[in-house]
Amino acid sequence: MSSLSKSPWIFHYDASSCNGCDIEVLACLTPIYDVERFGIVNTGNPKHADIFLITGSVNEQNKEVIQNLYNQMADPKVVVAVGICATSGGIFAECYNVMGGADKIVPVDVYVPGCAARPEAIIDGVVRALGVLEEKRKRIKEIAAGQVTATIERASLDDAEKILELQKIAYRSEAELYNDFSIEPLTQSLDEIKADFATRTFLKAVIDGNIVGAVRGYMKGTACRIERLFVAPGSQNQGIGTRLMREIEATFPESETYDLFTGNRSKRNIFLVKKLNYKISRTEKVNKRVERVYLQKAGQNRG
Amino acid sequence: MSMNLVLISALYVILAPFLGGILAGVDRIITARMQGRVGPPVLQPFYDVLKLMQKETLVVRKSQNLYILFFLIFIIFTGALFFAGGDLLLFIFALTLAGIFFVLAAYKASSPYSFIGAERELIQMMSYEPIVLLSAVGMYMVTKSFYVCDIVSFHTSLISYMPGIFLAFLYVLTIKFRKSPFDLSMSHHAHQELVKGITTEFSGRALAMIEIAHWYENIFLLGFVYLFFAGNPVLGVVLTLCIYFFEILIDNTFARAKWQLTLNSSWAISGVLGLVNIIALSYVLK
């Protein structure tokens, strides 16, 4: 057993519970049950937590809150739905504003039914969640070690939301580099990226059903423009970026040249594409902070 | 600086995290028993830190964790300086510098919760700084040296010369140990108002580093308490541990104070007890 399962920190969110389950969750901390015996601590902070306890059914108002809290938790993380409302919506399932159980919004790993769920059942649920947590840790380790290869496939319009979400995470480091948070990849809206799908070919890299990288390209005249290559922070240095580049080039075999640009301070990007035989063709000053570097590579067609 | 002191200082750097971790574990057990609970295993703080090492590190800005690294380094430096018998004044300013790095890290993370935590941390630093300096002044007046190695080898216990300063120092020690009623900047129990205060935006390795820095800090703080009793080493160690127990008791019996009360009361107590003690010393030691 690793230290992970000896120190599960819990984060509790009341979706729209009647407070019955909440009281039982807090009862676990009292002297009778004292879950701190197992190292369980109730943190108030998603960034510190390992286990996300959700009580109550999910409704239209808090679905974004739940999604947001889940995204803020550090991997590996598990979600436990406590009580019948969080499990399936319970007696509120058919209300006009209720979406159902927590699994409508975030992936739930353990369900603890009951109305209200008893403290013993909640503790049991958390202990089961520890097993899932351990498995997830191993999987993350495998992925980080490059033992799991990503599959590269064409993305569809359904992926737009996920790709945009990842794009905003991945481009944060670029924005920091130039101290400019108004760069296009960070400000793009869902409608704009959906419109891009009509004119551009999107490729995605997928591990375990999660998108970990993407790139897009389109033909302009006889040249292929490649745009917005990014890989999730946790999956970098595994060659996924290079594979995405090769794949997008292969998607446009008829092209005479492949063109792309990046910022002058993005040494890693420039290094990556130079390894793929791209040469700097010109540079252009965009504003005070950013200078664009254009890189180009001849296609097979050029002879 | 003799070879011996260098050795002690090196031992501190190596052993302090283990001692500090166990102390934190014992602290959690005693706290649990005071609340009628069983409490976690004594090694629980180590499990927590090892777990944090395995977690993903989320950042708002990459540079925030660099400040945390400096915080840890300067805390270790501060402690090493203390156990090497170094200058007490340099020790105090190194401690302040370490604290400033921690505050900068929280400001860099730019979230409202870490801002509030950072501001409260600064207020806490303002609260404890005067009496820490007065302690150094008092120790100098008695022993005629700012060096820890001279102070610790003074023939009588300093507490008999400076009881007022000691009481005032005890008051602000609660702030440094991050215990209630003065756990304003990063309480374990203030979810509703603070989230996690100054540490809100830190996760994974950075949070583990903060925890380890806290262990290092607790050890040299206890070392500082020991300076008051150094005339009688055995009794001194026992009393120092008693003081720690006393702090745990205070932690469990008081509700969190507002920052105004923290600042005003610690300055008032430092001002009255500390200054009266200093003035008395200047007459007694003429």
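Biologist: In β7(A), which residue is the bridge partner of Val82(A)?

Modeller: In this predicted model, strand β5 of chain A spans residues 78-82 and runs parallel to β7(A), to which three bridges join it. Val82(A) has its bridge partner in β7(A), and that partner is Val112(A).

Biologist: What is the order of the strands in the open sheet of chain A?

Modeller: The edge strands, each pairing on one side only, are β2 (41-43) and β7 (110-112) of chain A. The twist averages 30 degrees from one strand to the next. With parallel pairing, the five strands of chain A follow the order β2-β1-β3-β5-β7.

Biologist: At about what angle to β3(A) does helix α2 of chain A run?

Modeller: Helix α1 (residues 20-27) of chain A lies across β1 (9-14), β3 (51-55) and β5 of chain A, at about 145 degrees to β3(A). Helix α2 (residues 63-72) of chain A lies across β1, β3 and β5 of chain A, and its angle to β3(A) is about 165 degrees.

Biologist: Which element supplies the largest share of the side of chain B that touches chain A?

Modeller: Contacts between the chains involve 26 residues of chain B and 20 residues of chain A. On the chain B side, α2 (44-54) and α9 (204-227) each supply at least two residues. The largest share, six residues, comes from α2(B).

Biologist: What ipTM does the model score?

Modeller: For chain B, the mean pLDDT is 90, and 98% of its residues reach 70 or more. The model has a pTM of 0.83, and its ipTM is 0.85.

How values were computed. Residues numbered from 1 in each chain as written. Chains lettered and ligands numbered in written order. Predicted model: local features only at pLDDT ≥ 70, side-chain atom pairs only at ≥ 80, totals over all residues. Pairing = 2+ DSSP bridges. Helix = DSSP H or I, 4+ residues; strand = E, 2+ residues; numbered from the N terminus. Axes fitted to C-alpha atoms, helices over the stretch in contact; angles between N-to-C directions. Contact = placed C-beta atoms within 7 Å. pLDDT = per-residue confidence, 0-100.
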